[in-house]
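Subject: The structure I promised you

Hi,

Here is the structure we talked about, with its sequence. Have a look at it first, then read on.

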Amino acid sequence: MTSQFLLRTPSPIGRIELTADDTALTSLAIEREGRLPHDGFPELPNAVLEAAAAQLREYFAGERHEFDIPVRLEGTPFQRAVWAEIQRLGWGEATSYGSIAAAVGRPSAARAIGGAVGANPIPIIVGCHRVLASDGRVTGYSGGEGVPTKLRLLGLEQIGFAA
């Protein structure tokens with residue numbers, strides 16, 4: 001594990017595992033098939049993780065629409081550009097892979113955008129669940145149990161989608 005601090009918290013979509021360094025959140029993982037990436041490691045919380053867990057509880061309770069936790073997104077320049085576009089979305093807003101591709105200057109790279117969205121190390125807080133196909137369909141989700149997890153997050157934020 002590369003981050004120094006670790007905390008797990010329950011949520012309506014399964015346990016969530018948070019990692020951080022001294023100043024920023026570095027990852028968020030949603031339980032998949034009853035497991036988290038660092039289940040074998042003991043928790044070592046810090047103020048960043050405690051604040052993130054509190055804000056996630058408020059989010060799932062419908063009391064928080066914006067996160068103000070510092071995040072450290074490690075990735076390629078292309079990935080970071082995609083994640084920056086996702087961060088521009090607010091609660092209840094959605095976009096498409098094609099719109100993100102156009103925004104980062106790669107209009108024909110919708111598939112590559114999908115890969116970058118799926119590699120987002122801090123889902124929910126960097127709201128990659130808000131990215132839909134150009135026709136509004138839910139095409140995939142790499143967090144938790146996949147599409148069912150994405151559907152719950154979209155429902156929580158009252159984001160409509162095509163069936």
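Predicted model: local features only at pLDDT ≥ 70, side-chain atom pairs only at ≥ 80, totals over all residues.

Residues are numbered from 1 along each chain as its sequence is written, and side-chain values use heavy atoms, with hydrogens and water left out.

**Helix 1**

Let's begin with helix 1, which runs over residues 47-60 and has 14 residues. (Helices are DSSP runs of H or I with at least four residues, strands are runs of E with at least two, and both are numbered from the N terminus.) From its first C-alpha to its last, helix 1 reaches 20 Å, close to the 20 Å expected at 1.5 Å a residue. That expected span is 1.5 Å times one less than the number of residues.

Which residues of helix 1 are buried? They are Val48, Leu49, Ala52, Ala53, Gln55, Leu56, Tyr59 and Phe60. They cover an arc of only 165 degrees around the axis, which puts them on the same side of helix 1. The arc is taken from the directions that lead from the helix axis to the C-beta atoms. As for the word "buried", it means under 20% relative accessible area, with exposed being over 50% and partly exposed in between (1.4 Å probe, protein chains only).

**Aromatic rings**

A search of the whole structure gives two aromatic pairs. Tyr59 and Phe60 make an edge-to-face pair, at 5.2 Å centre to centre and 75 degrees between the planes. Tyr59 also pairs with Phe67, this time tilted, at 5.3 Å and 45 degrees. For the cut-offs: rings of Phe, Tyr and Trp (its six-membered ring) pair if their centres lie within 6.5 Å, and planes under 30 degrees apart are stacked, over 60 edge-to-face and the rest tilted. Tyr59, Phe60 and Phe67 form one aromatic cluster. Tyr59 and Phe60 are buried, and Phe67 is buried too.

**Salt bridges**

How many salt bridges does a search of the whole structure find? It finds 11, where a salt bridge is a side-chain nitrogen of Lys or Arg within 4 Å of a carboxyl oxygen of Asp or Glu.

Asp39 is partly exposed, at 32% relative accessibility.

Then find Arg72 and Asp21, whose side chains meet in a salt bridge at 2.7 Å, N to O. Arg72 lies in the loop between helix 1 and helix 2 (77-87) and Asp21 in the loop between strand 2 (16-20) and strand 3, so the pair ties together parts that are 51 residues apart in sequence. Arg72 counts as partly exposed at 31% relative accessibility, whereas Asp21 counts as buried at 17%. Salt bridges that share partners also join Arg8, Arg15, Glu17, Glu31, Asp39 and Glu43 into one network.

**Positive phi angles**

Glu33 is not a glycine, yet it has a positive phi of about 50 degrees. You'll find Glu33 in the loop between strand 3 (25-30) and helix 1, and it is exposed, with a relative accessible area of 56%. Gln158 isn't a glycine either, and its phi is positive at about 60 degrees. Gln158 sits in the segment after helix 5 and is exposed, at 67%.

Buried or exposed: what is Ile113? Ile113, in helix 4 (residues 110-118), is buried, with a relative accessible area of 0%. Its C-alpha atom is separated by 9.7 Å from that of Trp83, 30 residues apart along the chain.
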